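Colleague: Hey, I'm new to this one. Could you walk me through it?

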Amino acid sequence: MKTLFKNIKELIQIRDPEIKKVDGLEMKELPSIKDAWLLIEDDKIVDFGSMESFPENNTAKIIDASGKLILPAWCDSHTHIVYAGNRELEFADRINGLSYEEIANRGGGILNSAKTLQETPEDEVYLQSAARLEEVMKLGTGAVEIKSGYGLTEEGELKMLRVIKKLQQHYDIPIKSTFLGAHAIPTEYQSDPEKYMDLVINEILPKVANQNLAEYIDIFCEKGYFSVEDTHKLLSAAKKYGMKPKIHVNQFHAIGGIKAGVEHKALSVDHLEVMTNEDIESLKNTETMPVALPSCSLFLSIPYTPARKILDAQLPIALATDFNPGSTPSGNMNLVLSLACIKMKMTPEEAINAATINGAYAMELSDVVGSITKGKKANLIMTKKIPSYTFLPYAFGSNNIDTVYINGKAID
Ligand SMILES: N=CN[C@@H](CCC(=O)O)C(=O)O
Ligand SMILES: [Zn+2]
């Protein structure tokens, strides 16, 4: 089945196949064709060009995109979409003055979600998670990473990872799976956290690997959670199973997690709200993608990732949602784009690069999604009639999307 879009006001993020990510100054460029056409066949992008070279004689179904923009669907490289229940009561507690850390210290936070997850049957976790996945796809997300981390027992972690696997089987978008057993120390291990690390490394990790349930390894490297030493231990163990790191670092404190991640050739280091000069230095000349999660900063009222400092060091940035029940109950990449521009002073070009091609890189999907490139998946956003791509982050409260295409098919 062929579909030909014509009169596209602007076809955005056109890249040669060899471009896997864009760094620093390159992120200011957003290659596009104005007044364009785009041909897709089945699930793939086949060809595109300016309307001056419109292929008149063809049998494709024609869609007139006059006044509309087309760009690759968002690539959300950091989510916790699989969870059970919600934490709106903690939200109210925070409004009444408690901090995220205080709530966690009282046994709330991640441990609260872990309790709910453990008590919820797997089928029910699947249904709740699938609803969230469908929601974000309608908001323009065409590829996503999902972590475990609310199980915190062997049974709970494997249950979450099986749910991710079921989502991979039922939904036709690229979904990457990450094992985050080291997300928080369960109450019963708090007097002996090393014992929990032993459980994660020696009991759960081998099962995750043998059952082929996750491609990536994650750890929350943070004061009160897991140390840099724990991080080294876990990442070394995971390497033996071929699992690459994508890790939570520098959310509240800079304790050396970035350096540790880079030493283990992390695919990405995520959060980065607190960044020292040494952290920036350690990312230079590496293949590790820094990932910012601005809707987490908004929701928790914590600092935003210092994007300008990172970009001025010629480093790349990817943007992701962090969709989870505690720090970011939103999977809306359109909001992420706006926050990156408004709060992190990224330009619209930088933000769109960060939310597409660089997000794809942070999931090792640069050959599949993230740009308008012949042969890539036709996972696309067609906007409503809007004046320019700058309008996307600018009109932050509006739904600017007309249609989302996944594998060349419009979803509703
Ligand atoms: N910071 C660690 N993990 C999640 C939050 C988890 C939660 O509060 O449930 C995050 O990335 O923000
Ligand atoms: Zn996270």
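This is a predicted model: local features need pLDDT of at least 70, side-chain atom pairs count only at pLDDT 80 or more; totals for chains, interfaces and linings use all residues.

Colleague: Okay, where does His80 sit?

Modeller: His80 is in the loop between strand S6 (74–76) and helix H1 (88–95).

Colleague: Is His80 buried or exposed?

Modeller: His80 counts as buried because its relative accessibility is 1%. Buried means under 20% relative accessible area, exposed over 50%, and partly exposed in between (1.4 Å probe, protein chains only).

Colleague: Which residues does UniProt list under "binding site"?

Modeller: The unreviewed UniProt entry puts that feature at His78, His80, His248 and Asp322. They are spread over 245 residues of sequence but cluster in space, with a largest C-alpha distance of 12.1 Å. UniProt positions are given in the numbering used here, feature names are shortened, and annotations may be inferred rather than shown by experiment.

Colleague: What does the side chain of His80 make a polar contact with?

Modeller: With the side chain of His248, at 3.3 Å. A polar contact is a pair of N or O atoms within 3.5 Å; within protein, one must be able to donate a hydrogen and the other to accept it, and residues adjacent in sequence count only if both atoms are side-chain atoms. The His248 side chain also makes a polar contact with the side chain of His78 (3.1 Å).

Colleague: And where does His248 lie?

Modeller: In strand S10, residues 244–249. His248 is buried, because its relative accessible area is 3%. Leaving aside neighbours within four places in sequence, the residues in contact with His248 (heavy atoms within 4.5 Å) include Asp322, Asp270 and His271.

Colleague: New topic: what's phi like at His271?

Modeller: Phi of His271 is near 100 degrees, a positive value in a residue other than glycine. His271 lies in strand S11 (residues 268–271) and is buried at 2% relative accessibility.

Colleague: How about phi at Asp42?

Modeller: Asp42 has a positive phi too, about 50 degrees, although it is not a glycine. Asp42 is in the loop between strand S2 (32–41) and strand S3 (44–50). At 44% relative accessibility, Asp42 counts as partly exposed.

How values were computed:
Residues are numbered from 1 along each chain as its sequence is written. Chains are lettered from A and ligands numbered from 1 in the order in which they are written. Side-chain values use heavy atoms; hydrogens and water are left out. Helices (H or I, at least four residues) and strands (E, at least two) are DSSP runs, numbered from the N terminus.
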